[in-house]
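Dear colleague,

Please find below the structure that I am handing over to you. A summary of the findings follows it.

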Amino acid sequence: MRFASVAAVAALTIASASFAPVAHAADAMGSPTGKITLSAKSADVGLGYTWGDGTLSFGGKTYRFSVTGGTIAAVGYSKIEGTGTVYNLHRVQDFAGTYGAAHGEATLGTGLGGAVLENKNGVRIKIETISKGARLASSAQGLTFELKK
């Protein structure tokens with residue numbers, strides 16, 4: 001059974017687009033500068049925890065990173081695979097840090113989700129996810145990305 005839960009992404013895209021003229025809504029995210037792939041797991045009972053790994057493609061190089069974080073207002077367990085576009089990244093060091101996000105996911109079997117993340121350096125990530133498991137989340141989330149050596 002599939003559920004599409006892109007409402008959070010749509011709301012965030014509309015909210016961020018309100019700062020730019022309608023004709024330039026795509027510019028609201030900034031300049032695309034990289035790509036990420038992500039594999040993570042999330043377990044929640046009201047409060048939850050997310051952990052996983054990913055890769056960042058930036059400046060012709062590939063960097064590995066880990067991701068950890070917390071979630072509120074979610075219940076269940078899911079395995080998440082995601083891909084995303086990174087915006088406004090000018091130095092690889094600016095990628096690491098804690099990203100805030102409004103997140104939406106509804107999974108029973110296989111589900112779709114997405115989020116727009118932003119850290120204190122102004123780096124933004126628009127990510128789309130496919131999840132497997134049983135989980136319902138409409139939550140605030142804080143994710144910390146750490147580059148691996």
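In this predicted model, the largest nonpolar core has 19 residues. Those with the most contacts inside this core are Ile 36, Leu 56, Phe 95, Leu 117, Ile 125 and Phe 145. At least two core residues come from each of strand S1 (32-58), strand S2 (61-87), strand S3 (97-118) and strand S4 (124-147). Leaving aside neighbours within four places in sequence, Ile 36 is in contact with a number of residues, among them Leu 56, Phe 65, Val 86, Phe 95, Ile 125 and Ile 127.

Thr 50 is found in strand S1 and counts as buried, because its relative accessibility of 5% is under 20%. The side chain of Thr 50 is joined to that of Ser 42 by a polar contact of 3.2 Å. Tyr 49 also lies in strand S1, but its relative accessibility is 43%, so Tyr 49 counts as partly exposed. Together with Trp 51 and Tyr 77, Tyr 49 forms a nonpolar patch on the surface, and the three have about 310 Å² of accessible area together.

Of its 149 residues, 41% count as buried. Among contacts between residues at least 6 apart in sequence, 71% join residues at least 24 apart. The accessible surface of the chain comes to about 7,800 Å², and carbon and sulfur atoms account for 63% of it.

With kind regards

How values were computed: Residues numbered from 1 in each chain as written. Predicted model: local features only at pLDDT ≥ 70, side-chain atom pairs only at ≥ 80, totals over all residues. Heavy atoms only, no water. Core = buried A, V, L, I, M, F, W, Y, C linked by side-chain atoms within 4.5 Å. Buried < 20%, exposed > 50% of the residue type's maximum accessible area, 1.4 Å probe, protein only. Helix = DSSP H or I, 4+ residues; strand = E, 2+ residues; numbered from the N terminus. Contact = heavy atoms within 4.5 Å. Polar contact = N/O pair within 3.5 Å; in protein donor to acceptor, adjacent residues only side chain to side chain. Patch = residues over 30% accessible without salt bridge, like charges linked within 9 Å, V, L, I, M, F, W, Y side chains within 5 Å. Areas by Shrake-Rupley, 256 points an atom, 1.4 Å probe, with all protein chains shown as cover. Salt bridge = Lys/Arg side-chain N within 4 Å of Asp/Glu carboxyl O.
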